[in-house]
Amino acid sequence: TSTAAVPTLYTNNTLRNAFGGVLSFFILLLIGVLAFSIRLFSVRSFIPRPFVILLDRSVIKYESVIHEFDPYFNYRVTQFLTKKGIYEFWNWFDDRTWYPLGRVIGGTVYPGLTLTAGTIWWLLNSLNIPLSVETVCVFTAPIFSAFASWATYLLTKEVKGAGAGLTAAVLLAMVPSYISRSVAGSYDNEAVAIFALIFTFYLYLKVCSWGGYTFIINLIPMHVLLCIVTGRYSSRLYIAYAPLVVLGTLLAALVPVVGFNAVMTSEHFASFLVFIIIHVVAFVYYIKGILSPKMFKVAVTLVVTVGLAVCCAVIAVLIALVASSPTKGWSGRSLSLLDPTYASKYIPIIASVSEHQPPTWPSYFMDINVLAFLVPAGIIACFLPLSDASSFIVLYIATSVYFSGVMVRLMLVLAPAACITSGIALSEAFDVLTGSIKFQLPGVTSNAEVDAGETSSDTSEAQTDEVKAEKPDDTSKNRPSKKSKKKERELAENPPAKATAKAKAKAEKKRLLALPLEASVISLLLLVVLGAFYVVHSVWAAAEAYSAPSIVLTTRSRDGLHVFDDFREAYAWLSHNTDVNDKVASWWDYGYQTTAMANRTVIVDNNTWNNTHIATVGTAMSSPERAAWEIFHSLDVKYVLVVFGGLIGYPSDDINKFLWMVRIGGGVFPHIKEPDYLRDGQYRIDSQATPTMLNCLMYKLSYYRFVETDGKAYDRVRRTEIGKKYFKLTHFEE
């Protein structure tokens, strides 16, 4: 039996690795199914009846519908792409938005999402699977959430192995922060962007990366610079980064909406600076290998001097290029990330968006749940030991935590980083706890078996090394020589003393690091309970918190579930009762939906590219009726759309958004002053409201004939009776 010990060990390892690979594949497949299916709570018709019963039919309550506001524009663009083709798309001038200015769609939209969904639709129809464009758009996000989970596995596996990768993948599949942006019908850029971000990071760590934007193109240079400073430079780092900058910049410049911004804006300068630095370092390492030590010192001095001169020259040129810009070459959103107070001071249009507000502490618990407690442990595990890959993850989590604290929208960027570090923490914890239990349980693994296993392993390594050293040609022959067989028998029967000592040292180390049996079992059970709590919370978030589309409102009462379909009914009314060339004015939130669902021309929409145009609409809403009529008449407006929730208790109505209309309008037209609409600094619509507030167009259009509903004109959102109940409209007709 001792003669066959080494071959048996090899066979067992091969079988174990093969079984582990197959098991990992099926686990990843199930994780993909989980990531896809958990995002279908918002779609009733797609889920088979048995699953509807299993998941509770009161939860699966909506049809296959596009959600939110921006996705309707993306859906409309995808429809145009599939009907007209790619060349018409690049040259599309849309005269139904931003009247009378219009908008060049091909040059102002990031095309990744649209081209992806359009390609999927084309492939399916080529295979005679006749799905509609809307259906493809609805399910794009769930499909790519499965891809994102698999990309997370690959990225985390590079850092801490397959166990950590599988754990991180299943965490990302269920994390509420990602679910909120990837449920069925959430057809926005994040649907494919998170997968692209994670997969780009994985490819970078695998040394074959090619492109990215803003966050990616700044995080990777930071990691490269960190590796250089800490003495971790290698040729692999150079091969990974140099093509990234060159190809990434060229490919980004080919996208019309980016164009020359790829080399002219401050967001990209860090990548170019590090590009110069890594070439200087690479050249220093090259000449070190071909020069004597004395000549090398002279050459290094020369290279560093020239390199610093080039860097200073490049920096001077960049400063000169951006000095003329009031924002120094940074976009408004980038400045808002670097200075959280910037938007509220200078760009109210950015600050007015709810998802651009800083998150509260409960937001973290809602969106990443127990991962918030596991992230610190994962960061510590990345330092044991610190590698190039683990240092990248530490940098990723540090930057994403900061950015998520500035904008609640960027919790989505934090989610993958939190899942990766939490997966590493859980994997390491399970390894330690299960190892401790296995080491101490009688009859499972005795000390003698540990010693024998370690000795066999070391013996096999020694045997392999000696056979390789003896004759290189032996490895290419079908049958080993008699001399090799004799070596194998000798090594198996009489293990080297060095290998035996090494095995005993390892066994002793395991014994010292093993936790008490009772503590290991209890800790393992607590981790299982923690995971179960995370699963329950994630399923609840997917089913209740993030499944409802904003375009369909629901409320529960003693009579059951009530559905308010007012948005779609209003857009249908516009479509059926107005002329196709009529212009509709509303706050910019509803622009995309109006053009996509009512097919009517709007004055402003969610692209928010022209602040003056939006300020004009805000000024009209803030002005008295006659002045507002004159503004809208100059814009050829036929209809004004307002959203009012005071009757049913819908808080996201135009009265609650009105102060942002005042601020944005006042930023361009100085006669609109916010204090004129406030009473002692408070925003009021009751009897204490200011005359300016009571006579502005928004107040009149929202509360017109409101007193006829209950006789008191009680606003259920503001929880008060309104100040001016009886009035007539002179220039507008309901």
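This is a predicted model: local features need pLDDT of at least 70, side-chain atom pairs count only at pLDDT 80 or more; totals for chains, interfaces and linings use all residues.
Close-up 1. Asn-369 has a positive phi of about 55°, although it is not a glycine.

**Close-up 2. The loop between strand S1 (93-94) and strand S2 (103-104).** Trp-98 lies in this loop. Its phi is near 55°, a positive value in a residue other than glycine. Trp-98 is buried, with a relative accessible area of 0%. Pro-100 lies in the loop too. The peptide bond that joins Tyr-99 to Pro-100 is cis, and its omega is near 0°.

**Close-up 3. Pro-385, in the loop between helix H19 (371-382) and H20.** The peptide bond from Leu-384 to Pro-385 is cis. Omega here is near -10°.

**Close-up 4. Helix H9 (residues 190-205) crossing helix H20 (residues 388-406).** The two axes come within 11 Å and cross at roughly 150°. That angle makes H9 roughly antiparallel to H20. The crossing is right-handed. From H9, Leu-197, Phe-201, Tyr-204 and Leu-205 meet Ala-389, Phe-392 and Tyr-396 of H20.

**Close-up 5. The two faces of helix H26 (residues 566-577).** H26 has twelve residues and reaches 16 Å from its first C-alpha to its last. Phe-567, Tyr-571 and Leu-574 are buried. They cover an arc of only 55° around the axis, so they sit on the same side of H26. An α-helix has 3.6 residues a turn, so residues three or four places apart point the same way. Strand S3 (553-557), strand S5 (583-585) and helix H27 (591-598) are among what covers the buried residues of H26. The face turned away from the buried side carries the exposed residues Glu-569 and His-576.

Methods:
Residues are numbered from 1 along each chain as its sequence is written. Side-chain values use heavy atoms; hydrogens and water are left out. Helices (H or I, at least four residues) and strands (E, at least two) are DSSP runs, numbered from the N terminus. The expected span of a helix is 1.5 Å times one less than its number of residues. Buried means under 20% relative accessible area, exposed over 50%, partly exposed in between (1.4 Å probe, protein chains only). The arc is that of the directions from the helix axis to the C-beta atoms. Contact means heavy atoms within 4.5 Å. Axes are lines fitted to C-alpha atoms, for helices over the stretch in contact, and angles run from 0 to 180 degrees between N-to-C directions. Angles under 35 degrees count as roughly parallel, over 145 as roughly antiparallel, 65 to 115 as roughly perpendicular and the rest as oblique. A crossing is left-handed if the near helix is turned anticlockwise from the far one by less than a right angle, and right-handed if clockwise.
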